[in-house]
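Colleague: I'm new to this one. Could you show it to me and tell me how you decide on the words you use?

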Amino acid sequence: MFQKEQNLTEGSIFKNLILFALPFVIANFLQALYGACDLIIIGHFTKESAAISSVAIGAQVMFMVMSFIIGLTTGTTVLIGHAYGANRHDEIQKTVGTVFLFFISLSFIVFFLMFFFAPNLISLMQTPKEAYQGAVDYVAICSFGIVLIFIFNALASVLRGVGNSHAPMLFISLGCFINIILDLFFIGYLNLGVKGAAYATIIAQFICASTMVLYVRMNKFTFEFRFRKIKFYFDKIRDVIKLGLPLSFQDAMVQMSFIILLSLANSMGVDASAGYGTANRLNGFTMLPAFSFAMALTPIVAQNIGAKKRLRAKYTLYTAIGCTVIFGLMCFIWQQINPESAIRIFTSDKNVITQGASYLKSFSFDLVIVPFAFCLNAFFNGCGHTAFSMANNLVATLLVRVPLAFLITGIFGKSLFNLGVAAPIASFCSVIIALIYLKSGRWRKSSAFE
């Protein structure tokens, strides 16, 4: 069996990083599969561009919510990782109870906002009329799973902070397996289409969250997850918000920018909309190692900063970049040589394949650059500099990628190839800004944990 907790401030840097990051890779792969299997099964059973577009658009909206939640709970991981590295276990107990109460309360607010205002957002996205109702239905049903997403990610963030990346992976694996089985049942057997994909998702989320709660309650950690131990501490929620809100806002705004870009793709027609949505689903997998190693890097750096081992934290950053850029280069070569083969994984529709492959041809340059951007920003998050990370990402996305996408498609014509050009340029700008900040040495000082 795996370790329930792990001190990441000692031993081989490479070994610690690989063993700790591998569950993140598997968990994120399976989480990406959550949405992708909806798209794959819809694409192969219905063979309709409108249905593919509905799920792609609805999933993009739900992923924006997911990103908001993950960003906020990452603040918990950083805070607990720092306390664990400094051996302040009483601080961990206070943080656990506080974040659980806070996130449960917040989840109901987010649920009501999504349930009632999602149709307006989907309409603003210039969703093709053929896909509009399906996208609304998908988001309305999936909104009932928001409370479950909060519960799971809150507990997962606590476990990752104390060095346990295996348990979240196992429960996500369980949820993904159930989601695929239910997708086949609801879509393939009952022919429920888009609604069936949504039903499968929330049932899988319920099982995933409930088993995670049982696991944390039944095992011994440096904290206790008991109702009598759950108390609210204003200073802890202040620290969690201070660290997590910039990440949450950043992730939500980045996803909002993707929705803006999706609206631009939607304006090109239903085939382009489906092609763009499918290509982005693929990119969720090709960028997965970089994203996963970055997620793993944050708690490792947080523990080392807590233990005052700054040089070790920096070497871990370099190791993470080296590991992830190799995979990005391999995916780049594949998408340059035969991008059609990548899109065929999701659909057999020739028009969608052509559109998606066109987008990958230009976007794929980002796969080589983004490992640097992800890992550098994750390093600063672990150091407690989440505000800088937020600013860097928002500049690259909202001030570079979105305006550039509109400018390029406006000058050279509306096409998915031209739309994809903006992504690598934006990531390159983010890397330059991050390297300047790293060189300045400001990351060494932070009041976030004081």
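Modeller: Here are some questions and answers about how the labels come about.

Modeller: This is a predicted model, where local features need pLDDT of at least 70 and side-chain atom pairs count only at pLDDT 80 or more, while totals for chains, interfaces and linings use all residues. Residues are numbered from 1 along each chain as its sequence is written, and side-chain values use heavy atoms, with hydrogens and water left out.

Colleague: How do you know how many disulfides there are?

Modeller: A disulfide is a pair of cysteine sulfur atoms within 2.5 Å. By that rule the count is 0. Take Cys-375: the nearest cysteine sulfur belongs to Cys-323 and is 8.7 Å away, so by the cut-off Cys-375 is in no disulfide.

Colleague: Why is Cys-375 called buried?

Modeller: Buried means under 20% relative accessible area, exposed means over 50%, and partly exposed is in between (1.4 Å probe, protein chains only). Cys-375 has 0% relative accessibility, so it counts as buried. Cys-176 is buried too, at 2%.

Colleague: And what makes Ser-107 buried?

Modeller: Its relative accessibility is 0%, so buried is the word. Ser-107 sits in helix α3 (residues 89-124); helices are DSSP runs of H or I with at least four residues, strands are runs of E with at least two, and both are numbered from the N terminus. Leaving aside residues up to four places away in sequence, Ser-107 is in contact (heavy atoms within 4.5 Å) with Ile-146, Val-147 and Phe-150.

Colleague: Why is Asn-191 called exposed?

Modeller: Its relative accessible area is 63%, so Asn-191 is exposed. You'll find Asn-191 in the loop between α6 (166-189) and α7 (193-218), with a positive phi near 60 degrees, though it is a residue other than glycine.

Colleague: What about Lys-308: buried or exposed?

Modeller: Exposed, because the relative accessible area of Lys-308 is 64%. Lys-308 lies in the loop between α10 (288-306) and α11.

Colleague: Why are α11 and α14 called roughly antiparallel?

Modeller: The axes of α11 (residues 310-337) and α14 (residues 366-382) come within 7 Å and cross at roughly 155 degrees. Angles under 35 degrees count as roughly parallel, over 145 as roughly antiparallel, 65 to 115 as roughly perpendicular and the rest as oblique. So α11 is roughly antiparallel to α14. The residues making the contact include Leu-317 and Phe-332 of α11, and Phe-372 and Cys-375 of α14.

How values were computed: Axes fitted to C-alpha atoms, helices over the stretch in contact; angles between N-to-C directions.
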